[in-house]
Amino acid sequence: MLRAELSLSRNGFDLDLEVAVEPGACLALAGPSGCGKTTTLRAVAGLVAPQRGRVACGDRLWLDTARGINVSPERRGCGYVFQDYALFGHQRAWQNVAYGLRHLPRRERRHRALELLERFGLADRAEARPSALSGGERQRVALARALAPRPAALLLDEPLSALDARSCAEATRVLAEILADARVPTIFVTHDFQEAALFGDKVAVLAAGRMVQRGPAEELAASPASAFVADFSGAVVLIGTARPDPGAGAVVQLEGGGRVVSTARATGRVAASVFPWEISLEPPDAPPLGSIRNHIPGTVRSITRFGGRVRVGLDACQPLTAEITEGALRELGLRRGTRVIASWKAAATRLSAL
Amino acid sequence: MKPSPWFTALIAGALAAALTFLTLPIVAIFVDTGPGRLLSSLSDPVAVDALRLSLETTLLATTIIVVVGTPAAYLLATRSFPGQSVVVTLVELPLVLPPAVAGIGLLAALGPHGIVGGVVADAGVRLVLQTAGVVVALTFVAAPFYLRQAQAAFAAVDRSSLEASRTLGAGEARTVWRVAIPAARGGLAAGLALAWGRALGEFGATLMFAGSLRGVTQTVPLAIYDRFATDFPAALALSAVLVALSAALLLSVKFVGGMPRASR
C-alpha cells in the first residue's frame, strides 16, 4: 500500500491532497496542465520536499515532516518514468536498464538487463544508444530501467505524451500488459481522461492542487461531482437552473434559452452533462421520437473527422458537440451552417450541482 | 529565397580577410623556420628545459583546475543560492585582468610581503622564483576559462536525467560521476582545451610572479622572449614548436571529449 498525504506551496501554487494505492493497483492522476499531478509524483519519489506531509510505502516510512523524516530519493526505491524518459544519452540501452542494478555482481547486471529488454521486445536494440531508438522504444527502455531494480512503487509521468499517434497505439497496448503484470502500487499521471480510464483502476481528478473527485472512470463519467469533471471526461456541459420535474427527475432551464430534461434529481444552478456519442442529429422538420425528450435546435459550426467517427460542433443556446458516424453525416448532408436538432435521452443527462 | 550575390560577396570577403589575417602569422612561423631548424632547436638544452617545464607546469595547473573546478562549476550550474551571480562574476574576473595586473596581484597576495604571504611562507611553501610559482600563475590565469565552460556544460545537462539517476539508487556524488560528467563531457573537454591553451601561452603573470629562471620558471613563452632580442631564428623555431604542441594538445583533448564514452 502506497499512501501519501502532501501539502506543499510554491510560487503561489498550493497542493494539498491525499492518495492511496493498493499493491498491484493503478491510480490514474488526471487533470489539466499545472494542476499539480507531476508535483505529486515528484513528492512521492522524494524529488521535491513538501512543507507538510507523510508518505509511506508498505511498512517503510519515506517522509514524515512531523517527525523530521525525509528519505532521499535513492533510498526510496521508486521506479519513475519521466515524461521525456530521461534516458542516459551516453549509455547503450542495456546500460540504461542496468544502471539501477548496482546491488548485483557486474555479470548479472547485464544478464538481467538483457532479460528485461527481451521481455519488452527490445532484445535486438540492447546495444543501441537512446538517440538511435524510436519514441516507442525509448519509452520501453525507460520502463525497463524503472522496473529493473524491482521498485517498491511505480510512478509514470505522462508516459505516452511524447509519442506520435501511430506509435502511441502500440505503446498503449504494451504498457497495459506491463502494468497488468506489475505487482506494485502504480501512479499514472495523465492529462487525458481516456488514458486515465484505460490504465487506472481508479481515477483521481485534480484541479488547482486539490482532488475534485476520485473513483472508477465509469463512475466519474456517469456522475461527475462537478462541471469540471464532466467537461474533463469529454462530456458536453450545459449550464442552467434545475427544478424538480413531476414525472421524476428534473427539468433544467438553460442559460441562453432552451430546456433539458434529466432523470437525475437536482435543484438550483447545475451543470447538465451529456457525452457527445449520446447525442443524435435530426433535420429540423423530422417528427420527434417518442422516447427522446431532449431537443435543442442549432447550426453546424464545425465538422471534424477522426477514426471513422465525426464530431459535429453546433452553435446552439450553448455550444454543443455531437459525435456521429460517417453514414449519418452523409445521410443528413451536413455542412457548415446546416440547421439541425440535437436530441438525446433524459437518462443520458447527468446533473452536477454548481 | 535566393541569396543576394552582393551580400554573399560581402560576407565571403569579410571571412577571407579574417582568415588571412588570423592564419598569416602562424603560416609565417612555419615558412620561416623550416624542418631542419625546428629539429635543431629541439636539441638546444635551453629549449628542451623550457619545453619540459611548460609541459610539467601546464599539466599540473590543468589538473588542479579540473579537480577543483569541476565540482565548483557543478555547484554554480545546478544549485541556486543568494549572491550566486556575484560569485560567478568574481570567478570570471581574471578573464579580463591584464596579465601584468594578474602578476602584481599574485605578488601582493602570495609574495613574501603579500597579505597571505606570511601564511604561505610559514607553511614552508616558496612560490616566488620557484616552479610552484609558475603553477600558481598558470592556474590563476587559466582557471576561469575552464570554470565558465564547465558551468555552461553542466547547466545544459537534462535535469530529469539527474533525477532519474537518483530514483535508480545513485546518490548525488555518484550521479555527478556517472551521469552529469559523461553528459557534459563535450563542454568539459572544450573548457579543458581552452584552459590548457591559455596556460601554455601564459607570459606576463608568470614573468612578474615567478620570474624567468632557466629550468626553474622559464616556460616556452618566456624562453621565446628571452631569445627574441639576441637570436631571432631560434625564437622563431621555438615558437613553431609551441604552436605545434598547442595544436596537438587541443586537438587530442577535443577528440577525446567528442568520443562516445567507452562501454564498461
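Two strands count as paired here if DSSP finds at least two bridges between them, and the elements themselves are DSSP runs numbered from the N terminus: helices are H or I with at least four residues, strands are E with at least two. Bear in mind that this is a predicted model, where local features need pLDDT of at least 70, side-chain atom pairs count only at pLDDT 80 or more, and totals for chains, interfaces and linings use all residues. Residues are numbered from 1 along each chain as its sequence is written, chains are lettered from A in the order in which they are written, and side-chain values use heavy atoms, with hydrogens and water left out.

With that in hand, look at β5(A): it pairs with β6 (residues 69–70) of chain A in the antiparallel sense over 2 bridges. Asp64(A) sits opposite Ile69(A), and 4 residues lie between the strands of this hairpin, with Gly68(A) at a positive phi near 70 degrees. β5(A) (residues 60–64) also runs antiparallel to β4(A) (residues 52–57), joined by 4 bridges. There, Ala56(A) faces Leu61(A), and the hairpin has 2 residues between its strands, with Gly58(A) in the turn at a positive phi of about 60 degrees.

Now for the interface. Counting contact as heavy atoms within 4.5 Å, 26 residues of chain A and 24 of chain B take part. There are 2 salt bridges between the chains, each a side-chain nitrogen of Lys or Arg within 4 Å of a carboxyl oxygen of Asp or Glu. One salt bridge links Arg42(A) and Glu163(B), 2.7 Å from N to O. On the side of chain B that touches chain A, α7 (159–167) and α8 (172–201) of chain B are the elements giving two or more residues, and α8(B) gives the most, with 8.
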